Amino acid sequence: MKMPALSMRWSAAIARWLDHVQPSGVVVLGAAALAVGVATGMGVWLYKQIILWVTQIAFGGLGGALSPLGHWTVALVPVVGGLIVGLLLHFFIGEERSHGVAGIMEAVALAGGRLRYRRMPIKVGISGVAIGFGASVGPEDPSVQLGANLGSMVGQLGRLSDDSIRTLVAAGAAAAISATFNAPIAGVFFALEIILGELTGPTFGVVILASVASAVFMQAVAGSQPAFHVPTYEFRSWVDLPLYALLGVLAGVIAALYIFLIYRSQAVFRELALPRWAKPALAGLLVGCVGLFLPQIFGVGYDTIEKLLNGEQIGLLLVLALLAAKIIMTPTSLAGGFIGGVFAPSLFLGATLGSAYGMAVHYLMPNYAVIPPAFALVGMAAVLSGTVRAPLTAILLLFEMTGDYRIILPVMFAAGLSLLVARWLQPHSVYEYGLALKGIRLERGRDVEVLESITVGEVMRSNLPTLSQDATLATAAEMFTTTHHHGLPVVDAQGNLVGIFTVSDLERAEALDTAEPAKIGAVCTRDLVVAYPEESIGSALRRMSVRDIGRLPVVAQDNPRHLLGMLRRNDLVRAYDLALTRRTAIRHQAHQIRLGAFTNVDVEEVTVAPNAVCAGKALKALHWPRESVIATIRRGRQIVIPHGDTVVQPGDVIVIVADETASAEIRRLCGSSG
């Protein structure tokens with residue numbers, strides 16, 4: 001009888017202690033990360049099952065029913081999928097500010113990681129339909145959205161700080177990559193390289209917990225085998241490195257082209273005079289027509305990748321055709337409105353590029369023992385690195401997906417070269433490009449400093465007069481008097497830059513007692529400090545401050561004698577004004593994102609046209625739809641909190657909270673009336 005009484009006293013004491021002890025923030029964040037990791041693993045597993053079920057229904061059921069009409073009917077399957085996707089998007093999703101990982105990056109940088117998580121289940125279902133019906137996209141982007149939205153939901157419902165919500169969003173993204181590819185290490189580095197952009201101790205631990213929890217769940221229900229079963233390929237000697245180097249360069253070119261085509265295709269589809277719900281059907285028709293001859297481009301394409309990695313006999317022309325088809329059909333699918341990712345297509349492009357490259361090397365060097373599948377393996381990491389600009393993620397992902405460490409040195413070498421070449425050809429990653437089009441430039445997961453967001457090319461003077469090196473001092477003095485400039489570039493007869501001639505140079509030259517008049521070319525400053533149009537104003541300003549100079553000639557990066565313009569100190573004032581205007585716009589966007597996350601309704605920007613119905617009128621005099629709220633108005637660098645007497649002016653950017661019908665009416669009021 002004594003033992004139960006003692007046990008009850010201990011239980012009561014522990015309960016009283018727990019009542020008075022509040023768990024620390026780290027414990028709460030760690031527990032939340034574990035919950036997000038497990039929930040993400042469950043969501044990704046269900047998402048994969050949806051893709052399998054829909055694929056069976058689409059190509060097994062619908063495709064089988066249509067097959068008696070002829071083989072050509074397989075092209076109709078993506079069209080039906082496009083119609084379903086288009087209607088679901090029209091009725092359940094509507095227009096969105098940003099899509100996929102880019103939207104997550106924007107929310108983390110500008111809105112404390114607050115995402116509109118209530119739409120996530122339907123978006124995952126729509127993506128499953130898209131891939132199941134043959135859209136040429138990958139499953140990882142919706143998976144990352146699923147994990148990130150779960151992390152944001154837990155953080156918002158738990159009323160955590162912005163930093164904690166950002167960390168949980170990154171943890172969810174890591175868990176998604178971990179579950180999708182059975183790659184927990186790559187998942188961690190994906191979150192740190194792409195979502196957060198920085199590494200801190202507490203963040204690192206939380207992200208690891210979520211990634212491991214997700215991987216443990218997936219391995220428990222699906223097994224621990226790697227995503228691809230491939231033979232062991234070894235790095236033989238340094239003699240192979242030049243071959244892998246060229247592959248890395250080619251991969252960088254393919255990655256840059258891939259990024260360009262994605263956003264070019266989106267621009268083309270935006271201009272099409274079709275209802276939004278019909279555009280996925282058009283994209284499905286294009287994919288179906290190509291898939292009629294190359295069915296390997298349907299869906300994710302993992303089966304084709306595994307065949308290439310295992311060295312199955314696929315002709316060189318067929319591999320090149322698959323490379324060309326995938327690099328066009330994936331942008332087409334995404335631009336048309338199919339929800340999916342760019343990760344898996346990047347791996348497909350890398351595998352086909354590497355395999356074709358290996359076959360070509362074997363044909364050109366028949367006496368050299370070349371293994372094309374090894375090049376396919378390296379090509380996967382190289383193209384992925386150039387596309388997402390996350391080399392550590394690409395390297396570790398390939399290692400975990402194949403379980404092969406022996407070829408890691410060529411993988412690292414090619415991935416690094418691909419990153420450099422792709423960045424040279426296309427400064428922004430596949431995720432950053434869309435944000436850059438909206439004026440958002442991120443570094444280390446945050447919006448960059450004011451002057452770092454403006455390039456020299458945006459503010460330089462390109463129409464300044466120049467002085468010939470054969471001109472006299474009198475000519476220069478007259479030029480300074482008439483133009484009111486204190487320094488001008490000096491060029492030779494071919495127009496090449498040779499120096500800078502300033503008022504100080506003129507005064508020194510006139511003080512010299514020479515028998516013949518001096519030529520400008522003999523007395524100008526030839527030791528030049530220059531700027532390049534692609535660099536930021538911030539870096540150019542630092543260079544001017546160190547040398548205490550008032551102007552920099554702007555020259556081409558590949559030809560320092562090709563004069564493009566001049567950057568002067570007074571141009572920096574204009575640059576700062578432009579930067580502040582851009583910063584105001586970005587803060588306005590951050591407000592819009594937060595508003596959408598809190599209200600869970602559509603939030604969009606409408607620019608007032610010069611001859612709009614509402615221009616020049618007070619808000620109280622206009623008949624705005626009842627189902628709408630005007631949140632803010634951006635007027636230049638000023639953010640206006642609207643009230644009834646606020647007069648709408650041409651050029652105002654109005655943020656509205658409204659349903660789709662009300663949004664259309666407001667666009668009519670603010671658009672051109674001519």
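Predicted model: local features only at pLDDT ≥ 70, side-chain atom pairs only at ≥ 80, totals over all residues.
Visitor: Which conventions apply to the model?

Guide: Local features need pLDDT of at least 70, side-chain atom pairs count only at pLDDT 80 or more, and totals for chains, interfaces and linings use all residues. Residues are numbered from 1 along each chain as its sequence is written, and side-chain values use heavy atoms, with hydrogens and water left out.

Visitor: How many aromatic pairs does a search of the whole structure find?

Guide: Rings of Phe, Tyr and Trp (its six-membered ring) pair if their centres lie within 6.5 Å; planes under 30 degrees apart count as stacked, over 60 as edge-to-face and the rest as tilted. The search finds 7 aromatic pairs. One of them is stacked, because the ring centres of Y263 and Y433 are 4.6 Å apart and the planes are at 25°.

Visitor: Which parts of the chain does this pair link?

Guide: Helices (H or I, at least four residues) and strands (E, at least two) are DSSP runs, numbered from the N terminus. Y263 belongs to helix 10 (residues 241–271) and Y433 to helix 18 (residues 432–437), 170 residues apart.

Visitor: Are Y263 and Y433 buried or exposed?

Guide: Buried means under 20% relative accessible area, exposed over 50%, partly exposed in between (1.4 Å probe, protein chains only). Both Y263 and Y433 are buried. F480 and F501 also form a stacked pair, with centres 6.1 Å apart and planes at 10°. F480 counts as buried at 8% relative accessibility, and F501 is buried at 0%.

Visitor: Which residues do ring pairs link into a cluster?

Guide: The cluster consists of F181, F190 and F343.
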